[in-house]
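I opened this model to note how the chain is built and packed. My entries follow in the order I looked things up.

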Amino acid sequence: MHPDPGLSSFSLLDLTALVCFLAAWFGYSYAVEHLSGGKRSLNGMMNRYRHAWADQQILRENRVVDTTINASLQNGTAFFASTALIALGSALTLSRSTDDALTLFSTLPFGAPMTRVVWEIKVAGLALIFVYAFFKFAWAYRLFNYGAILIGAVPPRDGDPVAVARAARRAAAMNVVAGGHFNRGQRAFFFALAYLGWFVSAYVLFVTTAMVLTVMWQRQFASDARRALQDHDEP
């Protein structure tokens, strides 16, 4: 029996860089979504405004503005889902030009020579990232669709106050879940950019992963968008 040429074709440095990449992705996602500090992120602050939006629905007799906002969220999600499919097709196209790509990447600064097996595994990994992103965007689109139904199910403002408040909270909770899946899909796009560094070399993957992680942390915790919300929040 011949040994499996898959992972054995990668150097220890390559595998270490890949593990660091995955640890950065999942570690960042866990920290933002599950740790207490994530509530102070830009996404966490916007989730509170999603609930505030639901509270305003109760006060409006005509909720056309609410359905319009939800439709705009759906349209943005549909755009990213389509983009994920295009990116997936582009990634699969890379597997059909292996020889030219291997020559190109080997001539780049810090480029490392690759075998055909290594190249195809890296391309498959990139394709998987875009598949994951598509499923997240597609599910978020569906959840925003459910959110539109829940907005329509909110009783009139002169109805039972308890039932109205419960229905509004339900719509807000669905919107928060949809936004969470959208954020995961967009996060996959960002880390796909970092993953591209691995096509050059493991050293470049270390650098691109650190750069993407820094940019994403800055946007969530130290961006002008977050300061805009923080400066105008009530104490």
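**Entry 1: Gln 218**

I started with Gln 218, which counts as partly exposed because its relative accessibility is 34%. This is a predicted model, so I read every value as computed from it. I then looked up where Gln 218 sits: it is found in helix α7. Next I checked a distance to Leu 42. The two residues are 176 apart in sequence, yet Gln 218 and Leu 42 lie 9.9 Å apart in space, C-alpha to C-alpha.

**Entry 2: the whole chain**

I counted secondary structure next. The protein chain has 8 helices and 0 strands. Along the sequence I read the pattern α-α-α-α-α-α-α-α. I looked up burial too: 38% of the 235 residues count as buried.

**Entry 3: the nonpolar core**

Which residues have the most contacts inside the largest nonpolar core? I found Phe 21, Leu 126, Ile 129, Phe 130, Phe 137, Phe 191 and Tyr 195, in a core of 35 residues. I then asked which helices supply at least two residues each. They are α1 (12-34), α3 (64-94), α5 (116-152), α6 (161-195) and α7 (202-221). Helix α5 gives the most to this core, with 10 residues.

Tyr 195 is then in contact with Phe 21, Ile 121, Lys 122, Gly 125, Leu 126, Ile 129 and Leu 205.

**Entry 4: α2 against α3**

At what angle do α2 and α3 pack? I noted about 150°, with the axes 11 Å apart; α2 covers residues 42-59. That angle is over 145 degrees, so α2 is roughly antiparallel to α3. From α2, the contact uses Arg 50, Trp 53 and Gln 57. From α3, Asp 66, Ile 69, Asn 70 and Leu 73 take part. I sorted the contact of α2 with α3 by class and got 3 nonpolar, 2 polar and 2 charged residues.

**Entry 5: the UniProt record**

I looked up the record last. The unreviewed UniProt entry lists residues 12-31, 123-141 and 189-217 under "transmembrane region". I checked two of these spans in the model. Residues 12-31 are 100% helix and 0% strand, and their end C-alpha atoms are 28 Å apart. Residues 123-141 are also 100% helix and 0% strand, with 27 Å between the end C-alpha atoms.

Note on methods
Residues numbered from 1 in each chain as written. Predicted model: local features only at pLDDT ≥ 70, side-chain atom pairs only at ≥ 80, totals over all residues. Heavy atoms only, no water. Core = buried A, V, L, I, M, F, W, Y, C linked by side-chain atoms within 4.5 Å. Buried < 20%, exposed > 50% of the residue type's maximum accessible area, 1.4 Å probe, protein only. Helix = DSSP H or I, 4+ residues; strand = E, 2+ residues; numbered from the N terminus. Contact = heavy atoms within 4.5 Å. UniProt positions renumbered as here; feature names shortened; annotations may be inferred. Axes fitted to C-alpha atoms, helices over the stretch in contact; angles between N-to-C directions. Parallel < 35°, antiparallel > 145°, perpendicular 65-115°, else oblique. Nonpolar A, V, L, I, M, F, W, Y, C, P; charged D, E, K, R; others polar. Lists of a residue's contacts leave out its neighbours within four places in sequence.
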